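Morning, everyone. Let me walk you through one model, from charged pairs to helix packing. Please look at the screen.

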Amino acid sequence: MPPVEIKNDVFRAMNFLPEKFVVDFANGIDVARDHIRFQRENDKFLMRILNGFSGKSARRQNEINQSLADGVEGALKWLTELAHSVAKTNYALVKVNERVAVIQKNVIDLAHYSAETRQKLEALSVQLHSRIDQLSHEINRIDITQKAKIQLDHVFDKWGAGRLNHFSPITKCYITLEELYWGNFGDLCRSQIENNQTLAQTMLENLANRLIQQLTKEADTTAQQRVGLSTWTNQHITSEQIATDWIEALNYAGDWAEPDPHPFVFTTTQMPNQLPVFLPRICSAERVAEAMVSEIFERN
Amino acid sequence: MEKLKVGLVLSGGGAKGAYQVGVVKALSELGAQVDAISGASIGALNGAILASSPSLAEGAQRLEEVWLKLAQSSPLVVKMPKYFNLLAIAGLNIQGLRYLDQIFKFITNSRGKKLPNWLSQWAGVSEALSSGALSHDPLHQLMDKYLNADALISGLPLYISVYRSHGALSDIFSCVMAEIGIKNTEKSEFLHIQSLAKEEMKSALLASAAIPLLFAPQQVNNQIYSDGGQGGWEKMQGNTPITPLLKAGYKMIIVTHLCDGSMWSRHDFPDATILEIRPTQQSISRGGEISDLLGFDSSKIPSWIEQGYTDTHQCLEKIIKATQARHELRTSEKAVIDSEKAFISLDRQMENAMRRLV
């Protein structure tokens, strides 16, 4: 809004907007003063007698009185207008106050709304974070699971494709399980043992089942058919040098195994002259598979 | 809005008319506009110069030039031969002074009539009195130099007051009677200068300023007129001639007075907006009424011009401030109302916006 413009050349404006009462009011002061000054300066005896006789004194006094009365009337009119104007201004102020009150209330509402929105946003953020974490974990778990599955398929495909044909079935079993233990399958299995034992158990059961399937194929037996230990331990390595390298590698890899708690692994890797006491001399594919899974995946 | 017509009244007062120079100068500086002028005596002469000027500012300049010249050389020149004649008659017939009372009685009882033959021994006195002690020649010369009749005809409307003379002594006597409150003088008449024949304009102006005994009355429209300031003496009806302006429809009148405590009353004209400029801070009289009336000298005129200028500024300052205050009040009041209108739409918008939050 443009600022209020105040016209300086008001006398020029007065030609258009004359207000008689303002002129009478302001100019009446000069008129009254002129008469009063004249009265004061002409108070000699003869002058007073002459002015009294001629009636000038009375007329002059009348002029003064009338000017003063006009002045008072002008002041009253002005005061009345001023009072009206002040009243208008006051009403305007009231409206401004009302408007400010409305704005204040709206600002309060907005502040509350804003605070509530912020709280909701914070809660949403927490939920979202949690959800994202969950999803992230889930994706991670799916990823690990997928990788574990791929590894599982890969090692069993490798076994099935005959890549480990130089080794005895139990050594194949050990090499396969050891690779899984140190790979993605082992990671997933260990993490699930801490969080979800049922799933870990299922994974190990599946693993044992795959081993059983592979071992039964190798030995041409059924899962529960017990056969002599040699069926599981016979090597097919022809090269002596390769056999020596593998024996050392197996010794090294399985040096953690003890005869009593890990009879199958100990026998497979350390190849003792005297077999451990707890190692069954005849056993089924099921027994071999479950024992090997248990010894390798449940070791400390 | 229709523009208001502003009239300017220039009262009579002899040499104190210099005061009006300052008044006109100040009015011009303050941007006042004058549409018509009315003057009496010296006010009529000032008014003629002003009315024939192209603008108020130019008029103020011309007036100042004339009055500063008057301060250097007075326009009052005694008509020596006639005056000596008058003095000789008075001296030779000193015993005849006892007849003076009879002369006054005659004058008061037979206004307008010529002196009878039995007063033929006073013929010289009569002639000397009727033709005035002072010469009109200097005034004629000034008017010839500074007053252009053609410019006056096409200039602002000018009204002057004249008093129908009944002879110098009679006129003086009437004024004395009015002054002591016994009987008011007859009312002055007003002449619209532009309505007069060109050759009568100067006579009319001289008539308005023809102080009895000092200047000879003038014949205008087959009437003998003298100083217009004499009419309606008690309320200065002739000396402060506002009436012709009011009759011509001017509602805003600026009135200048040349005497202290003028008995002219604004309350006699309730329908007009009147702005009186009266000598305020100091008395306008410098050496007594009669002395000031004829005091065309360099010691007084510049101070009167200055006083008129100062008084006008001080007088108008009150009006200007008061009017300005009211103007500001109204403007600010309107601004408050206007600003409120602007908020109506905003209020609605805010209400709608807040409703959306619910």
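First, a term. A salt bridge here is a side-chain nitrogen of Lys or Arg within 4 Å of a carboxyl oxygen of Asp or Glu. The idea behind it is simple: side chains of opposite charge can pair when their charged atoms come close. Keep in mind that this is a predicted model.

Take one that joins the two chains. Asp30(A) pairs with Lys318(B). Their closest N and O atoms are 2.8 Å apart.

Now one inside chain A. Asp24(A) and Lys20(A) form a salt bridge with their side chains, at 3.1 Å from N to O. How far apart are these two along helix α2 of chain A? They are 4 residues apart in that helix, which covers residues 20-41, so about one helical turn separates them.

Next, the interface. Its size is often given as the accessible area lost when the parts come together. Here, chain A and chain B bury about 5,400 Å² between them. Carbon and sulfur atoms account for 62% of that area. Chain A brings 54 residues to the contact, and chain B brings 61 residues.

On to helix packing. Start in chain A, with helix α4, residues 56-160, and helix α7, residues 197-219. Their axes lie 11 Å apart, at an angle of about 5°. That makes α4(A) roughly parallel to α7(A). Which residues meet? From α4(A), we have Leu152(A), Asp153(A), Phe156(A), Trp159(A) and Gly160(A). From α7(A), the partners are Leu207(A), Arg210(A), Leu211(A), Gln214(A), Leu215(A) and Glu218(A). Sorted by class, this contact has 6 nonpolar, 2 polar and 3 charged residues.

Last stop, chain B. Helix α7 there spans residues 137-146, and helix α10 spans residues 198-208. The two axes come within 11 Å and cross at roughly 130°. That makes α7(B) oblique to α10(B). The crossing is right-handed. On the α7(B) side, the contact is made by Leu139(B), His140(B), Met143(B) and Asp144(B). On the α10(B) side, Lys202(B), Leu205(B) and Leu206(B) take part. By class, that gives 4 nonpolar, 1 polar and 2 charged residues.

Conventions: Residues numbered from 1 in each chain as written. Chains lettered and ligands numbered in written order. Predicted model: local features only at pLDDT ≥ 70, side-chain atom pairs only at ≥ 80, totals over all residues. Heavy atoms only, no water. Axes fitted to C-alpha atoms, helices over the stretch in contact; angles between N-to-C directions. Parallel < 35°, antiparallel > 145°, perpendicular 65-115°, else oblique. Left-handed = near helix turned anticlockwise from the far one by under 90°. Contact = heavy atoms within 4.5 Å. Nonpolar A, V, L, I, M, F, W, Y, C, P; charged D, E, K, R; others polar. Buried area = accessible area lost by both parts, 1.4 Å probe.
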